[in-house]
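Here is a friendly briefing to read alongside the model.

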Amino acid sequence: MKRNVWIVGSLAIVCAFVFMFAAGCAKTPVVKEEVALQEGESVIATAETAPAKVEEMVQPKEEAKKVVEDTSMKEKELWEQLLAEASNFKNKDIYFAFDRYDLNAKSRDNLTKVADWLLMHTEFEVTIEGHCDERGTTEYNLALGERRAEAAKAFIVNLGVDIGKVSTISYGEELPVDPAHNEAAWSKNRRDHFLVYPSKK
Amino acid sequence: MLRKTVGLMMIILILLWSSTVWSKVYIDINAPGFQKYPIAITDFKNIGTTDDRENLSVWFSYQLSHYLKLTGFFNIINKGAFLEDPEQAGITIEGVNFSDWSSIGADFLVKGGFDSDAKALSAEFRIFDVVEGRLIVGKRYEDTMEKRKLMVLKFIDEILLALTGERGVFDTRIAFVAKDRDVSEIYTINFDGTSLIKRTRLESLTMFPQWSPDGKQIFFTSYLNGNPDAYIMNLATKRVREVTSFRGLNMASSWSPDGSKLLLVLSRDGNEEIYVKDTGNGRLRRLTNNPAIDVSPTWSPDGSMIAFVSNRSGSPQIFTMDSDGRGVSRLTYEGSYNTSPSWSPRGKRIAYEGATNGRFQIFSIDDDGGNFVQLTFERGGGESPSWSPGGMYITFVSAIGGKKKICIINSNGLNLRVMGSPGGSFSLDSPSWSPRLKLY
């Protein structure tokens, strides 16, 4: 039983590396489009920026000043988009079973996406918050929350994310998403929450 | 060797002496089957020459009834059932017809008298054993009128000392955390339910208050600076000082009985480990070394042992170890989730919370693993127990009306009392019983 878990775990890690390799070999815009498609909302924005870039290429050289303005506008837009993408990780919580901190297949999938994004956007870092449901002691839950955050950290660091760009904090059972006292609420509260933000320089 | 023998003889002498003075302990408060004693309290007699303008006669009997009821050891017999003619009866043993009281089911009877003028008050109190027809203890107090509640509380201490072998705990408080959304602060409330006081204004998440043995400071954890760090607050000056702020968890756990050391949980080495910090030289020493979660360390009353929680055997269970971290031994085997140990001040027993039928309830067990007892059966469950001085009561939290509230039970699990809250939106947690304070 335990051995199976190991095999599945190792397979997942191998798969993740293969995915990263594929992503690294392909052209960057393709991957970006994929990210945008996954996020759903940014599809239109990507479609709009693509033709604009083509126009830039054919701009006559005498209008260099305008081009600089344009690119700075584009950079700003791109940056805004990155911030939006980073912020979107707030909606990508991963969930745990009661009194457990092992990552399930869905969580590993989700974490792989976090890791991929961070690997491509090294100017960003992440804080992983570990949370618990209200059952059990506050002390034990604070430790459990830390284990949940540390489990996610170890996973993305194994995928190559710089350990210096990943911090963790446990809030135990103190900050539930759903304050109700039933399994539906508890299962939402046993989570890791991701805050992705630009590194302070 | 000689010294040891002399010391032992002293103890025996004291025991003999005290047993002759207090004759016998009537109530074994730890007995699971203990039932409350029926007690009658008559209105007090004006034995002075001044008119009873303040209606002290009823005031004394009302206050005695109120506080004796709060102790959880007595049922107060309704005055309407009394057979005695108050005009004819006296307040000393000669003036008591014990059959008047035994026939209405009283085991004990309290009588008293007062003599007051505008400022000065003298009051005498007596408690009688109705069954044996004898005086148990009588006291006379002289002070100002303002001190009359103090007289009542002092006599209740005498009653409890005579009947249970322990004084009351009206001179104690419970510290706890009250959380409203994402802010929690430390509050205290007196044992009698009065004086609800907000102690911190950190506008942060604040957790795990623990009293210093002198009752002057509180050790706690707060996210004040963004990370769960450990602090100590001086209650009088309200000054807060940092104890540890390592990366990861800094969990305030327990103050040693002599006040010289603090137990903490730190995760600075990559996983949660138990540390002891000397309050004098600040030296930090690690006591556990295990990849599992190790939390909630608490000292035995003599400081020689530590109980703690670890999931090293797969699920969270209570363990004990020597105060230097050696001799780890597992204490709980019933159930798959046992946490939050609290060592009785009498030694021997440890209270904790355990999962049973999908709920958490309070249990207690001998420190060698024997005499396992479930103390609470609340629908709202029971968590985070803490013993009163003397070990007569346990405070814990239970969800009542959807929000966690501070509750008190007798150490045998009976007589639940729910304490007040700063407001309906607050969820209360982590109660910690103070040592005896100078409240009266």
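K238(B) is exposed, because 10 other C-beta atoms lie within 10 Å of its own. In this predicted model, K238(B) sits in the loop between β12 (229-234) and β13 (240-244) of chain B. K238(B) has a positive phi of about 65° although it is not a glycine.

**Positive phi angles**

- Most residues other than glycine have a negative phi.
- S195(B) is not a glycine either, yet its phi is positive, at about 55°.
- You can find S195(B) in the loop between β8 (183-190) and β9 (197-198) of chain B.
- S195(B) counts as exposed because it has 11 other C-beta atoms within 10 Å, and 12 or fewer is the cut-off for that class.

- S425(B) lies in the loop between β29 (417-418) and β30 of chain B.
- Is S425(B) buried or exposed? It counts as exposed, with 11 C-beta neighbours inside 10 Å.
- S425(B) and N412(B) are 13 residues apart along the chain, and their C-alpha atoms are separated by 31 Å.
- K277(B) belongs to strand β16 (residues 273-278) of chain B.
- With 19 other C-beta atoms within 10 Å, K277(B) is partly exposed, since a buried residue needs 20 or more.
- K277(B) and S260(B) are 17 residues apart in sequence, and from C-alpha to C-alpha they are 8.6 Å apart in space.
- Setting aside residues up to four places away in sequence, K277(B) touches V243(B), K261(B), L262(B), L264(B), G282(B) and L284(B).

**Chain B as a whole**

- Chain B has four helices and 30 strands.
- The radius of gyration of chain B is 24 Å, close to the 22 Å that the globule rule gives for 440 residues, so chain B is as compact as a globular protein of that length.
- Along the principal axes, the C-alpha atoms of chain B fill a box of roughly 75 × 50 × 50 Å.
- Of the 440 residues in chain B, 44% are buried.
- Take the contacts in chain B between residues at least 6 apart in sequence: 42% of them join residues at least 24 apart.

**The two domains of chain B**

- Chain B is divided into domain 1 (24-164) and domain 2 (173-433).
- Taken over C-alpha atoms, the centres of domain 1 and domain 2 of chain B are separated by 37 Å.
- Nine residues from domain 1 of chain B and seven residues from domain 2 of chain B make the contact between these domains.
- On the side of domain 1 of chain B that touches domain 2 of chain B, six residues are nonpolar, three are polar and none is charged.

**Where chain B meets chain A**

- How many residues does each chain bring to the contact? Chain B gives 27 residues and chain A gives 17 residues.
- Five strands of chain B each supply at least two residues of the side that touches chain A: β10 (206-211), β18 (294-299), β22 (338-343), β26 (383-387) and β30 (427-433).
- That side of chain B has 13 nonpolar, nine polar and five charged residues.

- Helix α6 (residues 138-158) of chain A has 21 residues, which should span 30 Å at 1.5 Å a residue; its end C-alpha atoms are 30 Å apart, which agrees.
- Because 18 of the 21 residues of α6(A) are buried, this helix is largely enclosed by the rest of the structure.
- Buried residues of α5(A) include L111(A), V114(A), A115(A), W117(A) and L118(A).
- Beyond its neighbours within four places in sequence, I156(A) is in contact with L111(A), V114(A), A115(A), L118(A), V161(A) and V166(A).

**The largest nonpolar core**

- In soluble globular proteins, nonpolar side chains tend to be buried together.
- The largest nonpolar core here has 129 residues.
- Those with the most contacts inside this core are V114(A), I156(A), I39(B), L109(B), F220(B), M251(B) and L264(B).
- The largest share of this core, nine residues, comes from α6(A).
- Domain 1 (24-164) and domain 2 (173-433) of chain B both give residues to this core, so it lies between them.

Conventions
Residues numbered from 1 in each chain as written. Chains lettered and ligands numbered in written order. Predicted model: local features only at pLDDT ≥ 70, side-chain atom pairs only at ≥ 80, totals over all residues. Contact = placed C-beta atoms within 7 Å. Nonpolar A, V, L, I, M, F, W, Y, C, P; charged D, E, K, R; others polar. Rg over C-alpha atoms; globule rule 2.2 N^0.38 Å. Expected span 1.5 Å × (residues − 1). Domains from an automatic or database assignment. Core = buried A, V, L, I, M, F, W, Y, C linked by C-beta atoms within 7 Å.
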